[in-house]
Amino acid sequence: MADIDECFQCPEDQYPNNKQDSCIPKNISYLSYKEPLAISLAISAISFCFITVLVLGIFMKHQDTPIVKANNRNLTYILLLSLLLSFLCAFLFIGEPEKLACLLRQSVFGIIFSVAVSCILAKTIIVVLAFMATKPGSRMRKWMGSQLASFIVLSCSLVQGLICTAWLTTSPPFPDFDLYSVTGKIILECNEGSVTMFYCVLGFLGLMAIVSFVVAFLARKLPDSFNEAKFITFSMLVFCSVWLSFVPTYLSTRGKDTVAVEVFSILASSAGLLGCIFSPKCYIIVLRPKLNSREQLIRRKN
C-alpha cells in the first residue's frame, strides 16, 4: 500500500490480491462430485461394479462346471464380492470429507483389500498343495480342503483388522483443513491421524501380495487343469506395480489430487485383479463352452 503504516496481515482464510491492497476469501477445495475428475472416477467405479456383478452372475449360473469348481468355488465368490466392495469403497473418498467417512475409509479399504488378496494367496497355496498331494505317499492331502482356505483368509483379515483397530483406537483419522499448501485455497481433507499406521496397512497388503506373487510364480508351470497360478502371477504384478507407484505419487501431491491418486489406485488395482484372473475363465465359459467339460479336463491333465 502507499503508506506502509497501513499494512496489515490477511486472516488465515483470506489471501492478498495482486495489488496487495485488499484481502480475498480463499476458495474451499476438495474432490467434489461436481468436478469432471470425480465424475469420471465415480463412473469408472460404477462400471467396474457392474462388470463384477456380471462376472459373479456368470460363475453362479455355471457353478457346477469344471472351470468354476476348480481352485475352490467358494474362494472365487468371496474374491468377487470383495472386489465389488473395493470398487464401492472408492465412494468413501469422493465428496466433502465428513467425520464418519474419514474415520472409516482407510480401514474399510484395508480390510476389504486384505480379504481379496488373502483369497488370492489361499488360491495359490491350494494349487501348490493340490499338485504335491498327487505324489505317492504325500502327507499334503491332510492339508487339502476348505478349512485351509478359510484359515488363510480369516487369519490375514484378522491381522489387518487388528492393525486398523489399533489405528482407530490410538490415533483415528478426522476431518481437517489445510490453509497453507495451496495459495488461495482452503483444502478440506481427512487427516490420517497416524501416518505410520496408514503405511502399516499398506505394508501388510504389500507383504501378502508379494508372497502371493512369489508362490504363484513358482507354481505357474505346474501341470494342472485350469491352473490359475499364471494368471495370479500377472495380476499380482499389476497390483504391486500400481501400489508401488502410488507411494511416491501420493507423497508428491496435495489436496484433492492426493485423494484422486488413491481412488485411482484402488480402482486400477481392483480392475487388474478382476481382469487378469477372471477374463480368461469368462472367455472359456461364455465363448468356448466346449473347453469347459470333464473330457477336456481329463485331456489337459494327460
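Val214 is partly exposed, with a relative accessible area of 41%, where buried means under 20% relative accessible area, exposed means over 50%, and partly exposed lies in between (1.4 Å probe, protein chains only). The model is predicted, so that local features need pLDDT of at least 70 and side-chain atom pairs count only at pLDDT 80 or more, while totals for chains, interfaces and linings use all residues. Residues are numbered from 1 along each chain as its sequence is written, and side-chain values use heavy atoms, with hydrogens and water left out.

Val214 lies in helix α6, which covers residues 195-219; helices (H or I, at least four residues) and strands (E, at least two) are DSSP runs, numbered from the N terminus. Together with Ile210, Phe217 and Leu218, Val214 makes a nonpolar surface patch of about 390 Å². Patches are made of residues with over 30% relative accessible area and no salt bridge, with like charges joined within 9 Å and nonpolar side chains (Val, Leu, Ile, Met, Phe, Trp, Tyr) joined within 5 Å. Other residues of α6 are buried, including Met197, Phe198, Val201, Leu202, Phe204 and Leu205. The buried residues of α6 also include Met208, Ala209, Ser212, Ala216 and Ala219. The 25 residues of α6 should span 36 Å at 1.5 Å a residue, and the end C-alpha atoms of α6 are 36 Å apart, which agrees. The expected span of a helix is 1.5 Å times one less than its number of residues.

For the protein chain as a whole, the secondary structure comes to nine helices and five strands. Along the sequence, the pattern of these elements is β-β-β-α-α-α-α-α-β-β-α-α-α-α. The protein chain has 302 residues, of which 45% count as buried. The accessible surface of the protein chain comes to about 16,200 Å², and 65% of this surface belongs to carbon and sulfur atoms. Accessible areas come from the Shrake-Rupley method with a 1.4 Å probe; for residues, only the protein chains shown count as cover. Of the contacts in the protein chain between residues at least 6 apart in sequence, 70% join residues at least 24 apart, a contact being heavy atoms within 4.5 Å.

Helix α7 (residues 229-252) has 24 residues and reaches 35 Å from its first C-alpha to its last, close to the 34 Å expected at 1.5 Å a residue. A kink of about 30 degrees lies at Phe246 in α7, shortly before the proline Pro248. The bend at a residue is the angle between axes fitted to the seven residues ending there and the seven starting there. Phe246 is one of the buried residues of α7, among them also Ile232, Ser235, Met236, Phe239, Trp243 and Tyr250.

The loop between α7 and α8 (256-287) holds Gly255, which is buried, with a relative accessible area of 13%. The C-alpha atoms of Gly255 and Phe177 are separated by 9.5 Å, although these residues are 78 apart along the chain. Within helix α8, Ile277 counts as buried at 2% relative accessibility. Not counting residues up to four places away in sequence, Ile277 touches Leu79, Ile120, Glu228, Phe231, Ile232 and Ser235. A separation of 9.9 Å is found between the C-alpha atoms of Ile277 and Thr76, which are 201 residues apart along the chain.

Two further buried positions lie in other helices. Thr52, found in helix α1 (residues 36-61), is buried, with a relative accessible area of 1%. Not counting residues up to four places away in sequence, Thr52 touches Leu80, Leu84, Phe87 and Leu274. In helix α3 (residues 73-88), Leu75 counts as buried at 3% relative accessibility. Leaving aside neighbours within four places in sequence, Leu75 is in contact with Cys119, Ala122, Lys123, Ile126, Ala149 and Val153.

The count of salt bridges comes to two, a salt bridge being a side-chain nitrogen of Lys or Arg within 4 Å of a carboxyl oxygen of Asp or Glu. Glu35 forms a salt bridge with Lys256, the closest N and O atoms being 3.1 Å apart. This pair links distant parts of the chain, with Glu35 in the loop between β3 (27-29) and α1, and Lys256 in helix α8, 221 residues apart. Lys256 counts as partly exposed at 23% relative accessibility. Arg73 forms a salt bridge with Asp64, with the closest N and O atoms 3.4 Å apart. Arg73 counts as partly exposed at 26% relative accessibility, whereas Asp64 counts as exposed at 60%.
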